[in-house]
Amino acid sequence: MKRSDTLQTVKENIHQLKRFLTILSVVFASAQALSAQSAPQHQGQFPPGMGGISSAGNFAPVYDAEKRPITAGGFVEQGTVVFEDISTKSGIAHWQHVMGTAEKKYILETDGSGVALLDYDNDGWLDIYLVNGSTYDALSGKSAPPHAALFHNNHDGTFTDVTEKAGVQNDRWGFGVAVGDFDNDGWPDIFVANFGKNRLYRNNHDGTFTDVGEKAGITLGNWSDGVTWGDYDGDGNLDVFVSGYLHYDVKHQSLANDGTVAFAFCQLHGAPVMCGPRGLKGEPDHLFHNNGDGTFTDVSERAGVADKDGYYGFTTIFADVNNDGRVDLLVANDSMPNYLYINKGDGTFEDQSYVSGFALNTEGREIASMGLAAGDYLNNGLLDLLVTDFSDDFKALYHNDGGASFTDVANQAGIAQIPVPFVGWGAGFLDYDNDGWLDILMVNGHVYPEVDAHDWGTTFKERPLLFHNAGNGKFENVPAVRGSGLATLTSGRGAAFGDLFNDGKIDVVINPIDGPPVLLRNVNPDRHHWVELKLIGGKDPATGRKSPRDAVGGTVYLTANGLRMRQDVLSGGSFISSNDQRPHFGLGDATEAGTAEIHWPSGQIEVIKLPAVDRIYTIEEGKGITSEMCPAGKRCRMKK
C-alpha cells in the first residue's frame, strides 16, 4: 500500500472515531437530560445547565477595575476606535422596538426581533428594515400595535423613515426577517416571521410593497422565528425555510409558581424568572417549495426537515457546507441540539446533525444556540460556523474539517472564555479592517431584567464583543474604548452586517429589545483596499439551468493579496436577521484587485479579472462586469 493511501486510511479512521465519540456523548447527555426531567424538580436540586435555558452551570462573576460587571464595563481609555455609534445623527434612533412588558414575565416577551439590510429601491445603497414586536393590548385590539420600520438611505450618512409609504408596517408580533427575490424580477422581497401569521412583502418596484403571504401560502399561524431563502432543488426559484420556536398560547402562559411547568425550568441561580423554553412545547419547522407562480407548497415532511420533535428553532441559513454546489440547511436550536441537513440533490435532505459534530459543542452537550454565522475565517475554501448562546456558557466556533464534518475549536481559537458572562445573540463574520481575514463580532444582551437586581456579575444591557483574526486560526479580543461604539450598552438581539455607506467598510445595525436601534459605523483607521460584488443570476448556456436572480446560494473565491478568500451570497443569519448580500473582500495593502472565481447557483463557474481596487462591481452571469461604483458613489477614475 502506498504511504499516501495509508495516511488517507488513518485520516478516515480518525474521522469515523470522532463521529462515534460524538454520538456516544450525545447518548450520555440525552440520558442525563431524560433522567433529570423525569425526576421531581425542586429549587437547588437541578443539575447545572439543565434549567429553562441550557448553560454549562454557574461561573464566578467577572468584574472590571471599577467593580462593574464585565458585561457593562472593562473599557479602556486609549486604543483604536473601530466603531462609532451614529444612531442618533443617522436619524434611526427615534424608532423604538417594543416587545410585551418591561418585566418580561413570559418568554414571548424576551427573544427580540431581527433586522435586514437591503437595497429595496435599487439605487445602489443599502436601506434598513427593523422588525418590531407587539404588546398584549395590541393583540387583543385594545391599543394600536407598534410598527416595523423601513429606513431609506439618503446617501449622506442619514436615513429617512418611509415605512408608511412602503406599506411594510407588519402590525403583528414580529421576530425574524430574511431578504430574497422570490419572483426573480430583480427587486428584493421581504419575509417577516411572526407570532401569528407570517408576511411576505413583494416589492412593487415603485418604493412600495404588497403583502402576498396569504396567496403565497406561507402564513402558518403560531410562533415562527428564523427565516432563510435558498434554491434547494436547483430550479432557479428561491424556496424558503422557516424555523418554529414554541407552540404558544397567550391565554395560558406559564409562571414560575403556577404549577404548569417545573420550577427548575423557571429559575436562574435559584431566583424565579420567566419559564422556558425547556418544559414548553416546541413548534415544528417548515420548508416551502417555490412553485414559480407566486405560490409555495409545504414540503417539510417529504424533504425530511419537518423537525417532528419540535426543537426550539432560532436562526437558520441555507449554505453549501460540503462544497458540492448544493445549498445545505443549518438550524440553530435553543437549548436543543442543532440541525445540519445535507442536501442530497433529489429534493430531500439527510440529517447529519450528530455525525457532523454540529449538533453539540465540544463538551458533547447542547447549548442555547441563538445566533449563527457562516464564513471562511481560515481562507481555506470551507465554510466555518459561529454560534452564540446563553451566559454561563462557552460560545462555539465550528471548524469545517471537510466532508460535512465540524469540530468546535472555540477554546483553541480564543473566543470561548471571554464571552462566558455575556448572553450572545447577533453573530457575524466580518473583515472590519480589510486585511483579508474574517473577524468575529457578537451582539449581546440578557434575557432576564432581574439580573440587574442581583450580584451575579452580569447586566441586562451589555456591550458587543469584537475579536480580531490573527491569521493563524486564533482570535484576539479588541478592547472597547470608552465612548466608542464597542462601549455601547444595549439589550442587543438582532444584528445585520454590511457596507451601509459604500465606503468599503462593514457596519453593524443592532435591533435591541425594548429600545432604539443602534448603528455602529466602521471608522477603523486602516487604509486597506477592498472590493465588493453585486451578483445578478442568469442561465448556464451549457446546461440551461438558471440561477435565482439575486444569486442567493452563489459562492465567490477571490484570489488576491496572496490569499484565496471565500464569500457566499446568503439570506438569513446572525440572529434571525439578514445581512448585506454583496460579497466583500478586504485586500490589505494589495493594489491589484485579483481574480474572482464565481460559482453560480446554476452550476456555471466564471473566472473574472477585476480591474481595480476599492470598487463595487455588478457582475451578471454570462455577461461579466456590467457596472461599477466607486467609494460613496464618487466618479471612478479607471486605471490606464
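1. In what order do the four strands of the open sheet stand, and is the pairing parallel or antiparallel? The order is S20-S21-S22-S23, and the pairing is antiparallel. Strands here are DSSP runs of E, at least two residues, numbered from the N terminus; two strands pair if DSSP finds at least two bridges between them. S20 (372–375) and S23 (406–408) stand at the edges with a single partner strand each, so one side of each lacks a neighbour in the sheet.

2. A note on the basis. This is a predicted model; local features need pLDDT of at least 70, side-chain atom pairs need pLDDT 80 or more, and totals for chains, interfaces and linings use all residues. Residues are numbered from 1 along each chain as its sequence is written, and side-chain values use heavy atoms, leaving out hydrogens and water.

3. S20 and S21 (residues 384–387) run antiparallel, joined by four bridges. Gly375 stands opposite Asp384 in S21.

4. There are 26 aromatic pairs. Rings of Phe, Tyr and Trp (its six-membered ring) pair if their centres lie within 6.5 Å; planes under 30 degrees apart count as stacked, over 60 as edge-to-face, the rest as tilted. Tyr232 and Phe349 form a tilted pair, 5.8 Å centre to centre with 40° between the planes. They sit 117 residues apart. Tyr232 is buried at 6% relative accessible area (buried means under 20%, with a 1.4 Å probe and protein chains only).

5. Phe358 and Tyr398 pair edge-to-face, at 5.1 Å and 70°. Phe358 lies in the loop between helix H7 (353–356; a DSSP run of H or I, at least four residues) and S20, while Tyr398 is in S22 (residues 396–400). Phe358 is buried at 0%.

Conventions
Buried < 20%, exposed > 50% of the residue type's maximum accessible area, 1.4 Å probe, protein only.
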